[in-house]
Amino acid sequence: MQKAYYSFSDYLKEKFGEKVYKITLDAGFSCPNRDGTISSGGCIFCDESGSFSKAHSSALDIRSQVKTGIDTLSQRFGANKFIAYFQAYTNTYAPVEKLKEIYDSAFCDEKIVGISIGTRPDCIDEEKLNLIAQYKNPWLELGLQSTHNETLKKINRGHDYECFLHSYKLAKERGIKVCVHMVLGLPGENKDLIKQSAKRLAKLGIDGIKLHMLTVLEDAPLAKIYKKEPFELFTMEQYCEIVCDFLEILPPGTTIHRLAGSGYSKTLIAPKWINNKFETLNLIDDIFIKRKTQQGSGFYLECAD
């Protein structure tokens, strides 16, 4: 069944002629929102893993992680092409000379056809972006989470929306594609505020997006708040409805990198449904069918000047 949204997987198939797999990498970076530069607490929803899947260990050097990833995915799926994905913590949080050494090591095999770098808007500058722009098929994954400064302050994000806009502009000027990370269900954000964020990003014409449901994880600061006074989180149905609202507003050409995930079982406190990845994705499909809409259906209506 054809999806009602433009998945990143489909984009890669169109570009490279076959399925391309991401190899998640941990280069041992830290985060200025955790090491005391900005804050020592981090974002309230972030746990000790730094949003990393823990598929590999930072005890391995990058070349070893890449080789392990290629071998594993090749044997399991017959994969031939890969993107080196620097996922854990803030992957531009180092001097540019060190970054070059790390990024260069990811291209240790000709099967690596691109690079994706997860970072914060306040941890990139022109020199770092000039470096990133030199690599094959570069993507920058910018953690934004919300376009509302009141929310960003509330979640201890450590930067504002204007910082994101500046970083986004610098990246686009250098031809780097940008995937924006957003969290739905943040404290104080209702449906209208979430749709406002969607409209702002739609008008920017972002290249890609990852949508995350707010989760309460055992080691995250949010866990203490939740345990002391539990607050209401989206149900699966509510989350899927707002995801469809969001995607309807985005341009048809924005690539959808993530709508649901799994792997939280060891540290997850709430919501318990979050690990039901395929059930969540199927419900999103069903809602689009019921609405008779798709990604971009409301773009020209919602975002017309």
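Helices here are DSSP runs of H or I with at least four residues, strands are E runs of at least two, and both are numbered from the N terminus. With that in hand, select Y89, which sits in the loop between β2 and α3 (96-106). One thing to keep in mind as you click: this is a predicted model.

**Stop 1**

Check the backbone of Y89. Its phi is near 60°, a positive value in a residue other than glycine.

Now jump to N156, in the loop between α5 (149-154) and α6 (161-173). N156 is not a glycine either, yet its phi is positive, about 60°. N156 comes out as partly exposed, with 29% relative accessible area.

**Stop 2: helix α1 and the glycine after it**

Select residues 8-16, which make up helix α1. Which of its residues are buried? Colour F8, Y11, L12 and F16. Look down the axis and you'll see that these four cover an arc of only 105°, which puts them on the same side of α1. In general, an α-helix has 3.6 residues a turn, so residues three or four places apart point the same way.

To see what that buried set packs against, bring up the strands: β1 (20-25), β2 (81-86), β3 (112-119), β4 (138-145), β5 (177-184) and β8 (255-258).

Step one residue past the helix. α1 is followed by G17, with a positive phi near 80°. G17 belongs to the loop between α1 and β1. G17 counts as exposed because its relative accessibility is 64%, and the cut-off for exposed is over 50%. Draw a distance from G17 to L233 if you like: they are 216 residues apart in sequence, and their C-alpha atoms lie 40 Å apart in space.

**Stop 3: the cores**

Switch to side chains. The largest nonpolar core has 89 residues, and F45, Y103, L211 and F246 touch the most other members. Helix α9 (residues 236-249) supplies the largest share of this core, with nine residues. A separate core of nine residues lies apart from that one, and L12, F16, V113 and W139 are among its members.

Leaving out residues up to four places away in sequence, Y103 touches F86, N91, T92, I115, I117, L131, I132 and Y135.

**Stop 4: a cavity and a pocket**

How many cavities of 30 Å³ or more does the structure hold? One. The largest cavity has a volume of about 30 Å³. To find the spot, select F8, K22, I83, S116, W139, E141, C179 and H257, which line this cavity. By class, that lining has four nonpolar, two polar and two charged residues.

Next, turn to the second largest pocket, with about 210 Å³ of space. Its lining has 15 residues, and G185, L186, P187, G188 and E232 are the closest to the pocket's centre. Colour the lining by class and you get 10 nonpolar, three polar and two charged residues.

**Stop 5: G143 in β4**

Select G143, found in strand β4. Is G143 buried or exposed? Buried, with a relative accessible area of 7%. Show its contacts, skipping neighbours within four places in sequence, and you'll find T119, P121, R157, H159 and H181. R63 is 80 residues from G143 in sequence, and the C-alpha to C-alpha distance is 26 Å.

**Stop 6**

P271 lies in the loop between β9 (268-270) and α10 (277-291).

Carry on into helix α10 and pick F288. F288 counts as buried, at 2% relative accessibility. Where does K3 sit relative to F288? The two are 285 residues apart along the chain, while their C-alpha atoms are separated by 9.1 Å. Residues up to four places away aside, F288 touches A4, Y5, C244, L247, E248, T293, Q294 and Q295.

Notes
Residues are numbered from 1 along each chain as its sequence is written. This is a predicted model: local features need pLDDT of at least 70, side-chain atom pairs count only at pLDDT 80 or more; totals for chains, interfaces and linings use all residues. Side-chain values use heavy atoms; hydrogens and water are left out. A nonpolar core is a set of buried Ala, Val, Leu, Ile, Met, Phe, Trp, Tyr and Cys residues joined through side-chain atoms within 4.5 Å. Buried means under 20% relative accessible area, exposed over 50%, partly exposed in between (1.4 Å probe, protein chains only). Contact means heavy atoms within 4.5 Å. The arc is that of the directions from the helix axis to the C-beta atoms. On a 1 Å grid over the protein atoms alone, a cavity is a set of points where a 1.4 Å probe fits but cannot get out, and a pocket is an open set with protein on both sides within 12 Å along at least five of seven lines; lining residues have an atom within 4 Å of a point. Grid points are joined across faces, edges and corners, and a volume is the space filled by probe spheres set on the points. Ala, Val, Leu, Ile, Met, Phe, Trp, Tyr, Cys and Pro count as nonpolar, Asp, Glu, Lys and Arg as charged, and the others, Gly among them, as polar.
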